[in-house]
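Me: I have a model open and want to go through it. Can we start with the pocket?

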Amino acid sequence: MATVNGSSENQPAKHQEVGHKSLLQSDALYQYILETSVYPREPAPMKELREVTAKHPWNLMTTSADEGQFLNMLLKLINAKNTMEIGVYTGYSLLSTALALPEDGKILALDINRENYEIGLPIIEKAGVAHKIDFREGPALPLLDQMIQDEKFHGSFDFIFVDADKDNYLNYHKRIIDLIKVGGVIGYDNTLWNGSLVAPPDAPLRKYVRYYRDFVLELNKALAVDPRVEICQLPVGDGITLCRRIS
């Protein structure tokens, strides 16, 4: 989880839930959302994967439970069937997607680390949705370049979720805009970068937060003026921007 600074002095306590990336200032309000609307409806496999991921040293990379619920609902609303996910980690958002898709739905899942994916794979298999997932290990850009050379992939995806290296978000966008169908949706995660986008220049940001901050700002500016998409930026999790392709 990105934080604006490393000190909590004179600041309200932030929620310590694993995977917590809420921009809400009220810890109690976020806990209310989780306990009232999210956890009671969280499928058992997703709860199990969330708890397993909590033991991993990089657990703050995971999708938050409320964002997982949001993605699951969104995919059902748009009747998605053929999807892609760039950045998988242990597979919490991937499992949320797989559970939302119809029995013959497909997810092309791209990540540079199969070991992390295999942490969640037994749970995904137990949930009966592993057959929907085509996992590919390695950098996404070379595969995307191959796909855009083949006309059969153009406009073939209903939904694409990007939660990977922020310094390549614009490079991903330049490619997947051709792969998403007109009317399809792209979701970019972490587009509010834990509020650091509006931090003053001298704010004591963590090194990785400061490094990726400029790339997130660049993406947001580019999406705001891209005539090929309609956009909606939501303060869910660490910020998610939805892009609906219109041309």
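Me: Which helices and strands each supply at least two residues of the lining of the largest pocket?

Reply: They are β1 (82-86), α4 (92-100), β2 (106-111), α6 (140-148) and α8 (207-224). Helices (H or I, at least four residues) and strands (E, at least two) are DSSP runs, numbered from the N terminus. This is a predicted model, where local features need pLDDT of at least 70, side-chain atom pairs count only at pLDDT 80 or more, and totals for chains, interfaces and linings use all residues. Residues are numbered from 1 along each chain as its sequence is written, and side-chain values use heavy atoms, with hydrogens and water left out.

Me: What volume does the largest pocket have, and which residues are closest to its centre?

Reply: Its volume is about 790 Å³, the space filled by probe spheres set on grid points joined across faces, edges and corners. Of 36 lining residues, M61, D163, A164, D165 and K166 are the closest to the centre. A pocket here is an open set of points on a 1 Å grid over the protein atoms alone, where a 1.4 Å probe fits, with protein on both sides within 12 Å along at least five of seven lines; lining residues have an atom within 4 Å of a point.

Me: Switching to the sheet. What is the strand order?

Reply: The seven strands run β3-β2-β1-β4-β5-β7-β6 in an open sheet with mixed pairing; strands pair if DSSP finds at least two bridges between them. β3 (133-137) and β6 (229-234) are at the edges with a single partner strand each, so one side of each has no neighbour in the sheet.

Me: How many bridges join β6 and β7?

Reply: Six, in the antiparallel sense, with β7 covering residues 240-245. E230 is opposite R244 in β7, and C232 is opposite L242. Five residues lie between the strands of this hairpin, and G237 has a positive phi near 60°.

Me: How many aromatic pairs are there?

Reply: Six, counting Phe, Tyr and Trp rings (six-membered ring for Trp) with centres within 6.5 Å; planes under 30 degrees apart are stacked, over 60 edge-to-face, the rest tilted. Y117 and F135 are stacked, because their ring centres are 4.1 Å apart and their planes at 0°.
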